[in-house]
Amino acid sequence: MVCPCCFTIPSIIIKLLATASALTYGQRFLTKNSNKWVRRISFGITVIISLILVGIGLFLLVLANNDDLRSRGFANFCAMQNLKDGGPMNEVRCAILNGADISGKVLEFGPGPGTNFKCFVNNSSTASIDEYVGVEPNTYFKEEMMREKEKRGLTFPLDFAPLRGEDYVDVLSESFDTVLLTHVLCSVDSVESVLANAERALKPGGKMIIMEHVAAPDGTKLKMFQDVVGPIFNIIGNGCKVLDMKNIIESYLGNRFDVQLDEFEAPMPAFPLLFARPHVKGVATKK
């Protein structure tokens, strides 16, 4: 529902509407000395572009002020994109997960629709999962997650905790063998708080399995592109942000973990996820 007392207009929407207005009025001055056909064609193209910008702005405005619509739309998008079999991104994902000893008690922050479950099929270590807890604030994912688990023939007990990662504070200390963090830290309000809860949950010798998209190097064209589309995906992607995730993780975990993170270019589709191709992956083992 839309909350009248907390109605907000994100700056990206103001920029889109201002750009549309500037294009419409600026076109007149740029073509005032041209012949009438040039003016008409230029005006028509400008109006079309301006209407597209206004449409995008209004769409984002609705999403920004309707939590339920935004959550449901994001859940549907993720289920459509992430539950497919095959594809280069799934190969990367499953290589990371299959290379880790995922067994015993497993805690996953932001499991979404059960995106990682496909990687557990025919994996000898995951056959010995005793308990699986998914901490996911978007309750629209629950049904998809349960359906995906059944589809993959996975038999471990699954507990869906409808909480933000920052709020999962009642977990018993040193009770989990593995924590999964894949494409989740970008969308939390506090990366450090989620890492703190993950650290508390892990047993000594336990592992965090990490795969996240990151900011491109400063000064690159991709970084400029991330700066442009980032605010849009922050709304569409339920809070997704472009961060220097490798540095944040390494700085927070410090010498309490053996952290091994590698940067790589993920095979994300050019549309609409070109901005998310820079990634890090790896394992952080609790000392």
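This is a predicted model: local features need pLDDT of at least 70, side-chain atom pairs count only at pLDDT 80 or more; totals for chains, interfaces and linings use all residues.
## Close-up views of cores, a buried asparagine and cysteines

Asn116 counts as buried, because its relative accessibility is 0% (buried means under 20% relative accessible area, with a 1.4 Å probe and protein chains only). Residues are numbered from 1 along each chain as its sequence is written, and side-chain values use heavy atoms, with hydrogens and water left out.

**View A. The surroundings of Asn116.** Asn116 sits in the loop between S1 and S2 (strands, E, of at least two residues, and helices, H or I, of at least four, are DSSP runs numbered from the N terminus). Its side chain makes polar contacts with the side chains of Arg93 at 2.8 Å and Thr182 at 3.0 Å. A polar contact here is a pair of N or O atoms within 3.5 Å; within protein, one must be able to donate a hydrogen and the other to accept it, and residues adjacent in sequence count only if both atoms are side-chain atoms. Leaving aside residues up to four places away in sequence, Asn116 touches Arg93, Leu97, Glu108, Leu180 and Thr182 (contact means heavy atoms within 4.5 Å).

**View B. The disulfide of Cys94 and Cys119.** One disulfide is counted, where the rule is a pair of cysteine sulfur atoms within 2.5 Å. Cys94 and Cys119 form this link, S to S 2.1 Å, and it is left-handed, with -75 degrees about the S-S bond. The pair joins distant parts of the chain, 25 residues apart: Cys94 lies in helix H4 (residues 88-98) and Cys119 in the loop between S1 and S2. Cys94 is buried at 15% relative accessibility, and Cys119 is buried at 2%.

View C. Cys186 is in no disulfide either; its nearest cysteine sulfur, that of Cys240, is 3.7 Å away.

**View D. The largest nonpolar core.** This core has 32 residues, and Leu107, Phe109, Tyr168, Leu181, Leu185 and Met208 have the most contacts inside it. A nonpolar core is a set of buried Ala, Val, Leu, Ile, Met, Phe, Trp, Tyr and Cys residues joined through side-chain atoms within 4.5 Å. H6 gives the most to this core, with five residues.

Notes. Buried means under 20% relative accessible area, exposed over 50%, partly exposed in between (1.4 Å probe, protein chains only).
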